[in-house]
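Q: I have a two-chain model open and would like to learn how to read it. Could you walk me through it, one feature at a time?

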Amino acid sequence: MRIKARTLEALYALLLLLPFLFTLTVFFLYAFVRALYFSFTDYDLFNPPRFVGLGNYLTLFRDPLFLTALSHTLAYSFVVTALQTALALLVAMALNRPLKGITFFRTLYYLPSVVSTAAASLLLLWLFQRTGLVNQALSLLLGHLPHLGAFALLFLAFQTAQVLWERRRGLTVPFFDPALALFSVPLALLAAWGLGAAGILEPWEVRVEIPWLPTTARFLGIPYPLWAIILMNTYTTIPTLMVLFLAGLKGIPRTLYEAAALDGATPWVMFTRITLPLLRPVLFLVITLGLIGTLQLFDQVLFVGGSGGAPLEATITLAYYVYGNVFPSGATPRVGLASAAALFLAGLTLLIVLLQRRFGVSERGWSA
Amino acid sequence: MKKAFLALLVLLGLASAQTQVRISGWGGTDIAIVSGLLKEVVQPKLDKEGIRVVYEPIEGDYTQWLFNALSAGTAPDLFYVDVFWSESLFATGRVAPLDPYFSKGEIAEFLPNLIQAFTYKGKLYGIPKDFNTLALQYNTDLFDEAKVAYPNQQDTWETFEAKLRQIQAKLKDVAGLCVVPDFARFGAFAFATGWKPFDEKGRTVLDQNFRRAFEWYTGLVKRGAARVAQDLGEGWTGGCLGSEKAATALEGAWIAGFLRDKAPNLPYRTTFLPLDPVTKKRGNFIFTVSWSLNAASKNKEAAVKVLKALTSPEAQQWVLERGLAIPSRKALANNPYFQRPGKEPELNRVVFQGSLGQGGYVYPFKFLSYGGDWMRPINEALQAVMTGQKGVDQALKEAQAALDRLMRK
């Protein structure tokens with residue numbers, strides 16, 4: 001019997017895929033089916049699972065902690081995805097310019113994403129301590145408001161004088177002409193420093209002691225500690241996404257921009273009509289990865305809640321809720337409830353990604 | 001060559017004749033202690049009986065590992081059980097009761113408080129290997145410098161606080177005490193008022209006594225006697241003492257090892273926690289760990305022999321003399337080690353006695369099978385009041401509501 005070439009090829013493909021399929025079956029499919037089964041039972045790892053139907057799912061929606069976790073997860077995911085996508089695109093466009101020494105800056109900008117989440121979380125804890133850098137910087141800034149005010153006034157005065165002088169010479173210069181500002185800024189700085197040194201301006205006694213982490217206070221409906229995590233994660237993910245955008249930008253033919261420039265297109269038009277449409281496949285990838293990654297936020301919650309002293313109600317996310325129920329500190333595992341929450345999170349992730357693809361940015365470009 | 005081969009055969013023969021007993025605990029500093037104990041005390045005794053102890057310490061999250069191993073049937077014969085999560089583990093039936101293996105007389109040799117801590121529904125599920133309580137450590141240099149009298153065991157909350165206030169007033173950059181929003185410290189003061197974590201019906205009521213302790217503890221910062229540990233960049237009161245950011249600390253004997261490394265020349269002494277001015281009593285926690293027996297163990301008899309060797313008077317003497325842990329046997333209360341001069345024997349003595357009459361109202365560090373979920377509302381109330389985000393009334397009302405919700409489940 002002879003095997004057809006196509007069949008043989010398919011068999012080879014299957015053979016080469018086998019190791020991957022094996023791990024997928026054991027660690028994903030089997031685990032998924034088990035979790036699905038457990039989610040309909042009351043199970044504590046020890047006594048045989050007892051079927052409770054949809055009981056766990058109903059319990060979830062009656063648990064205020066779960067509802068808090070759900071709202072945190074959604075808010076966190078949308079804010080971080082929006083922020084990191086926009087900022088990464090901005091940085092990528094800046095780094096895509098043919099400037100001298102641009103590779104140095106590309107390396108520099110990529111550094112934050114090399115930091116492990118544990119180290120980044122530790123930094124976060126120190127920055128946001130009550131006597132930490134953030135509060136100290138705020139104190140310094142608020143304390144020197146007189147100096148800043150003086151600087152702004154002096155700058156305006158110097159700039160106005162120069163602009164008037166130029167205009168008298170018959171030159172039309174815009175008010176914020178950079179060449180003139182090059183003189184006004186150092187002059188104003190020097191004068192403001194002089195006023196301070198002469199004792200005319202005194203710094204105010206300001207001590208900002210906002211407890212950023214051990215608090216349940218909210219800003220725009222999101223608790224402070226979660227904002228701190230948002231800042232940190234945006235900062236550490238931007239570089240990775242930036243690299244993806246850079247690759248996408250490199251793929252856009254220069255000729256398109258040149259043609260547009262000949263037609264007199266402004267940079268904004270070029271951005272919205274050329275860059276964005278051609279970046280759509282990358283944009284889709286970045287947004288999808290961002291959504292999936294942010295919906296599973298876990299480790300920072302563990303660190304900020306553990307050593308940062310942030311209350312659980314102010315930081316808990318769905319992934320942490322799952323973990324906290326499988327291994328509750330000092331109590332019996334609630335595997336059934338945790339499985340239900342895990343499956344809910346999986347379903348939610350799928351739903352959000354599909355909705356995003358349908359109504360937001362899809363991977364197909366050119367159609368816009 | 002032939003000789004070596006023969007020797008190997010003999011060794012193999014020996015190994016097969018021996019009964020293996022697997023034991024596990026968490027890693028960290030415990031590895032050196034248990035390994036030393038096994039090598040010098042336990043194994044020589046068991047060699048005659050043909051028992052070989054295999055020690056498998058676990059780094060990482062021990063509780064998760066143990067629950068998983070017990071569930072999967074791969075757990076060792078003997079393992080550590082922390083009293084904090086003991087009840088939820090004993091309730092699963094995967095731990096064997098020890099009553100059939102120990103006579104009443106043998107059990108009576110251990111401190112009754114500790115035996116009680118590992119008794120669940122009338123059965124004994126673990127032999128305490130060691131324990132800890134809270135004590136008050138103070139930096140004598142800082143007290144001398146500020147010319148303030150040392151804390152002593154007659155101090156009440158009020159006289160103790162007065163000393164702390166003096167310290168903070170005289171040594172501007174040193175806190176009297178650094179406080180943590182943690183029931184594991186605050187609870188000792190709540191117990192001193194006679195408050196019980198659970199009433200007869202098993203419910204938690206944050207009553208007037210609790211409130212009195214709560215107001216005193218959370219008000220220390222505002223009254224200029226203490227600072228919040230996190231504001232000083234520390235996570236625990238021992239850290240503040242070690243870095244001389246605070247003059248006192250509320251810790252157990254575990255602080256000794258930390259100070260030995262971090263501040264070997266720091267002169268400190270130890271006394272009992274201050275007394276509640278109303279009840280004239282103090283309160284304390286017992287933090288303790290047991291060796292417990294796997295109910296699915298195939299060689300229980302051998303495992304129990306190992307357990308007895310691990311908690312024997314010789315073993316505990318060995319551990320105590322090295323200042324590694326506080327023994328759980330009554331007979332060691334009068335051990336000459338405790339009378340040795342020096343800061344560590346004094347610390348260990350006060351911690352040991354904290355579990356006895358001098359300790360006052362002493363409770364094991366466990367909360368039925370609620371665990372950390374039970375402490376969380378109280379810790380969050382402590383934090384909210386200490387950072388000035390909530391008033392006492394509101395914080396306690398919310399904590400009570402959260403506790404009621406937890407107990408209804």
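A: Gladly! Keep in mind that this is a predicted model. Let's begin where two domains meet: in chain B, 7 residues of domain 1 are in contact with 6 residues of domain 2.

Q: Which element gives the largest share of the side of domain 1 of chain B that touches domain 2 of chain B?

A: Helix α4 (residues 83-90) of chain B does, with 3 residues.

Q: Where do the bounds of the two domains of chain B fall?

A: Domain 1 of chain B takes in 18-130 + 288-343, while domain 2 covers 135-272 + 370-408. Taken over C-alpha atoms, their centres are 31 Å apart.

Q: And how is chain A divided?

A: Chain A has a domain 1 made of 55-119 + 217-359 and a domain 2 spanning 145-197. Between the C-alpha centres of these two domains there are 41 Å.

Q: How many residues does each chain bring to the contact between chain A and chain B?

A: A general remark to start: the size of an interface is often given as the accessible area lost when the parts come together. Here we can count residues instead: 20 come from chain A and 24 from chain B. The side of chain A that touches chain B holds 11 nonpolar, 8 polar and 1 charged residue.

Q: Let's turn to a sheet. What is the strand order in the open sheet of 5 strands in chain B?

A: Read across, the order is β10-β9-β11-β8-β12 (chain B), and the pairing is mixed. From one strand to the next, the twist averages 30°.

Q: How do strands β9 and β11 of chain B run, and which helix packs on the sheet?

A: Strands β9 (residues 175-179) and β11 (residues 246-251) of chain B run parallel, joined by 2 bridges. To find your place, look for B:Ala175, which stands opposite B:Ala246 in β11(B). Helix α8 (residues 157-170) of chain B packs on this sheet, touching β9, β10 and β11 of chain B. The direction of α8 makes about 115° with that of β9(B).

Q: Last one: which residues are buried in helix α15 of chain B?

A: The general idea is that an α-helix has 3.6 residues a turn, so residues three or four places apart point the same way. In α15 (residues 343-353) of chain B, the buried residues are B:Leu347, B:Asn348, B:Arg349, B:Val350, B:Val351 and B:Phe352. Their cover includes β7 (127-132), β8 (135-139), α12 (255-262) and β12 of chain B.

Note on methods. Residues are numbered from 1 along each chain as its sequence is written. Chains are lettered from A and ligands numbered from 1 in the order in which they are written. This is a predicted model: local features need pLDDT of at least 70, side-chain atom pairs count only at pLDDT 80 or more; totals for chains, interfaces and linings use all residues. Domain bounds come from an automatic or database domain assignment. Helices (H or I, at least four residues) and strands (E, at least two) are DSSP runs, numbered from the N terminus. Two strands pair if DSSP finds at least two bridges between them. Axes are lines fitted to C-alpha atoms, for helices over the stretch in contact, and angles run from 0 to 180 degrees between N-to-C directions. Ala, Val, Leu, Ile, Met, Phe, Trp, Tyr, Cys and Pro count as nonpolar, Asp, Glu, Lys and Arg as charged, and the others, Gly among them, as polar. A residue is buried if 20 or more other C-beta atoms lie within 10 Å of its own, exposed if 12 or fewer, and partly exposed in between; C-beta atoms are placed from the backbone.
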